[in-house]
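User: I would like to learn how to read a fold from its contacts and pairings. Can we work through one example together?

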Amino acid sequence: MGRRGLSRAVKRAPTPPEAIQRYIRFWLFEDELASCGQALPPIDALNLFGRQGPMELEVGCGTGEFLCALASSHPDCLYLGVDPSTQSVLFGARLAFEARLDNILFIRGPMNALYMHLRPGVFRQAYMHFPDPYVRNRGTHKMMNASFLAHLAYALAPGGRFSFVSDHEALFAEALALVESLPDDWQRTHPERFLMGYEPPLKSRYQLKWERWQVEPRRFEVQVLPRRRTLWTASSP
Ligand SMILES: C[S@@+](CC[C@H](N)C(=O)[O-])C[C@H]1O[C@@H](n2cnc3c(N)ncnc32)[C@H](O)[C@@H]1O
């Protein structure tokens, strides 16, 4: 099934209203404008979950299987999934509701719209797995770019990690070259330049799809260097 067929399959799943209310925060451009940037609270554990705790972020969480599996096996950690696809986060909310998770939330919105809501040192780990290689703006990838890495470096706790996985060779090479061009900000957590294959506790539907087609994903994980804790602005696409 292609990328479009997969999202059509997701649309068929009904999500109870209480699951929507409990697990999804909708970011709307109109609300953002009308409230002068106050439409969402600052993104931190207390504001989102009403309690403190280590937090992890998945950017482009899709239908949320990977994040729900993490949330279920690490109840002491708080998980935030960000994705602009309404149908995908509805599906993720249904999974969280059915598993009775109380440590996961989804924000329906594009990651770049949330930059102004980020706070320093909030996340201990971030994931961007299987981003669509074709979402580009004037040649720059919409999700994985210098602006994203700068904002992520700000929002990660000192030593916080970022895992990137892709089935797409050219996008993976571009992402790897980008982090390697920022040696003052990021260092790899593994001696290899990159890793072949990925064995998480639960594979996302995209990973399973590519594996069925015998495409082995590539992965790197980097750690933010503690001395780069200030936010600089890069032109964001
Ligand atoms: C191929 S799916 C991968 C989903 C999930 N990570 C997985 O492994 O199954 C890529 C996801 O990125 C989301 N996406 C696209 N643009 C985005 C953006 N600007 N910010 C966050 N997510 C985005 C899409 O809606 C889609 O759900």
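User: Which residue in strand 4 does Tyr79 stand opposite?

Analyst: This is a predicted model. Start with bridge partners, then build up to strands. Tyr79 stands opposite Ile104 in strand 4. On another strand, Glu56 is opposite Tyr79 of strand 3.

User: How many bridges join strand 2 to strand 3?

Analyst: Five, and strand 2 (residues 55-59) runs parallel to strand 3. To get from strand 2 to strand 3, the chain passes through helix 5 (residues 65-73), a right-handed β-α-β crossover.

User: How many bridges join strand 3 to strand 4, and in which sense do they run?

Analyst: Strands 3 and 4 are joined by five bridges and run parallel. Helix 6 (residues 86-98) carries the chain from strand 3 to strand 4, and this β-α-β crossover is right-handed. Val82 has Ile107 of strand 4 as its bridge partner. Ile107 is also the partner of Arg25.

User: Which way do the residues of strand 3 point?

Analyst: Sort the residues by side, then check burial on each. From strand 3, Leu78, Leu80 and Val82 point one way, while Tyr79, Gly81 and Asp83 point the other way. All of them are buried. That is six of six residues, so to read burial here, recall the cut-off: 20 or more other C-beta atoms within 10 Å. Strand 4 (residues 104-108) is mostly covered too, with five of its five residues buried. Ile104, Phe106 and Arg108 are on one side of strand 4, with Leu105 and Ile107 pointing the other way.

User: Which residues touch the most other members of the largest nonpolar core?

Analyst: General idea first. Nonpolar side chains in soluble globular proteins tend to be buried together. Here the largest nonpolar core has 54 residues. Leu67, Val82, Ile104, Ala126 and Leu152 touch the most other members. Take Leu152: leaving aside neighbours within four places in sequence, Leu152 is in contact with Ala126 and Phe162.

User: Why is helix 7 largely enclosed by the rest of the structure?

Analyst: Count its buried residues. Helix 7 (residues 146-155) is largely enclosed because seven of its ten residues are buried. They are Phe148, Leu149, Ala150, His151, Leu152, Ala153 and Ala155. The cover over them includes strand 5 (123-129), strand 8 (156-166), helix 8 (169-180) and strand 11 (218-224).

User: Is Trp186 buried or exposed?

Analyst: Count the neighbouring C-beta atoms. Trp186 has 23 others within 10 Å, so Trp186 is buried. Trp186 lies in strand 9 (residues 186-188). Not counting residues up to four places away in sequence, Trp186 touches Val179, Val222, Gln223, Val224 and Leu225. Arg161 is 25 residues from Trp186 in sequence, and their C-alpha atoms are 9.1 Å apart.

User: How many residues surround the ligand, and which are the closest?

Analyst: The ligand is surrounded by 24 residues, and the closest are Gly60, Gly62, Pro110, Met111 and Ser204. Strand 3 (78-83) and helix 9 (205-212) are the elements that give two or more residues to this shell. Helix 9 gives the most, with three residues. By class, the shell holds twelve nonpolar, eight polar and four charged residues.

How values were computed: Residues are numbered from 1 along each chain as its sequence is written. This is a predicted model: local features need pLDDT of at least 70, side-chain atom pairs count only at pLDDT 80 or more; totals for chains, interfaces and linings use all residues. A residue is near a molecule or strand if its C-beta atom, placed from the backbone, lies within 6 Å of it. Helices (H or I, at least four residues) and strands (E, at least two) are DSSP runs, numbered from the N terminus. Ala, Val, Leu, Ile, Met, Phe, Trp, Tyr, Cys and Pro count as nonpolar, Asp, Glu, Lys and Arg as charged, and the others, Gly among them, as polar. A residue is buried if 20 or more other C-beta atoms lie within 10 Å of its own, exposed if 12 or fewer, and partly exposed in between; C-beta atoms are placed from the backbone. Two strands pair if DSSP finds at least two bridges between them. A crossover is right-handed if, with the strands pointing away from the viewer, the path from the first strand over the helix to the second runs clockwise. Two residues are in contact if their C-beta atoms, placed from the backbone, lie within 7 Å. A nonpolar core is a set of buried Ala, Val, Leu, Ile, Met, Phe, Trp, Tyr and Cys residues joined through C-beta atoms within 7 Å.
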